[in-house]
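Trainee: Please take me through this protein, one question at a time.

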Amino acid sequence: MRLPRTKVLNRLLDGFEGKLTNKKWSALTKSSPDTALRDLNDLVQRGVLERDAGGGRSTSYSLASESS
């Protein structure tokens, strides 16, 4: 069973260490890498997460700033 996105986002708010990547999201939610990427893209589109500088395989995400 997949861990709900809200629990993972709460973990980010509580001080997640390191960078959030597709691989880490996949592991935390117990989902496939494709599903994790869809989740992350959806959260970026909703303004919850932002893509950090860089891209490709090294793409990382962080919580969107409140000023956005």
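The questions below go from the whole fold down to single residues.

Trainee: What kind of model is this, and how are residues numbered?
Mentor: This is a predicted model: local features need pLDDT of at least 70, side-chain atom pairs count only at pLDDT 80 or more, and totals for chains, interfaces and linings use all residues. Side-chain values use heavy atoms, with hydrogens and water left out, and residues are numbered from 1 along each chain as its sequence is written.

Trainee: Which pattern does the protein follow along the sequence?
Mentor: Helices (H or I, at least four residues) and strands (E, at least two) are DSSP runs, numbered from the N terminus. There are 3 helices and 3 strands. Read along the sequence, the pattern is α-β-α-α-β-β.

Trainee: What radius of gyration does the protein have, against that of a compact globule?
Mentor: The radius is taken over C-alpha atoms, and the globule rule is 2.2 Å times the number of residues to the power 0.38. For 68 residues, that puts a compact globule near 11 Å. The protein agrees, with 11 Å.

Trainee: What percentage of the residues count as buried?
Mentor: Buried means under 20% relative accessible area, exposed over 50%, and partly exposed in between (1.4 Å probe, protein chains only). Of the 68 residues, the buried ones make up 28%.

Trainee: Where do the buried residues of helix 1 lie around its axis?
Mentor: Helix 1 spans residues 5–13, and its buried residues are Val-8, Leu-9 and Leu-12. The arc is that of the directions from the helix axis to the C-beta atoms. Here the buried residues fall within 100°, so they line one face of the helix.

Trainee: Which exposed residues sit on the face of helix 1 turned away from that side?
Mentor: Look at the face turned away from the buried side of helix 1. Its exposed residues are Thr-6, Lys-7 and Leu-13.

Trainee: What covers the buried residues of helix 1?
Mentor: Cover is judged by contact, meaning heavy atoms within 4.5 Å. The cover includes strand 1 (20–21), strand 2 (49–51) and strand 3 (60–63). It also includes helix 2 (22–29) and helix 3 (33–45).

Trainee: Within what arc do the buried residues of helix 2 fall?
Mentor: In helix 2, Trp-25, Ser-26, Leu-28 and Thr-29 are buried. They line one face, because seen down the axis they fall within an arc of 170°.

Trainee: Which elements do the buried residues of helix 2 pack against, and which residues are exposed on its other side?
Mentor: The packing partners are helix 1, strand 1 and helix 3. On the other side of helix 2, the exposed residues are Lys-23 and Ala-27.

Trainee: What phi does Lys-30 take, and is it buried or exposed?
Mentor: Lys-30 lies in the loop between helix 2 and helix 3. Its phi is positive, about 55°, although it is not a glycine. At 63% relative accessibility, Lys-30 counts as exposed.

Trainee: Which side chain makes a polar contact with that of Ser-31?
Mentor: Ser-31 is also found in the loop between helix 2 and helix 3. It is buried, with a relative accessible area of 11%. A polar contact is a pair of N or O atoms within 3.5 Å; within protein, one must be able to donate a hydrogen and the other to accept it, and residues adjacent in sequence count only if both atoms are side-chain atoms. At 2.7 Å, the partner of Ser-31 is Thr-29.

Trainee: Which residues does Leu-37 contact, leaving aside neighbours within four places in sequence?
Mentor: Leu-37 is found in helix 3. At 36% relative accessibility, it counts as partly exposed. Its contacts beyond those neighbours are Asn-22 and Tyr-61.
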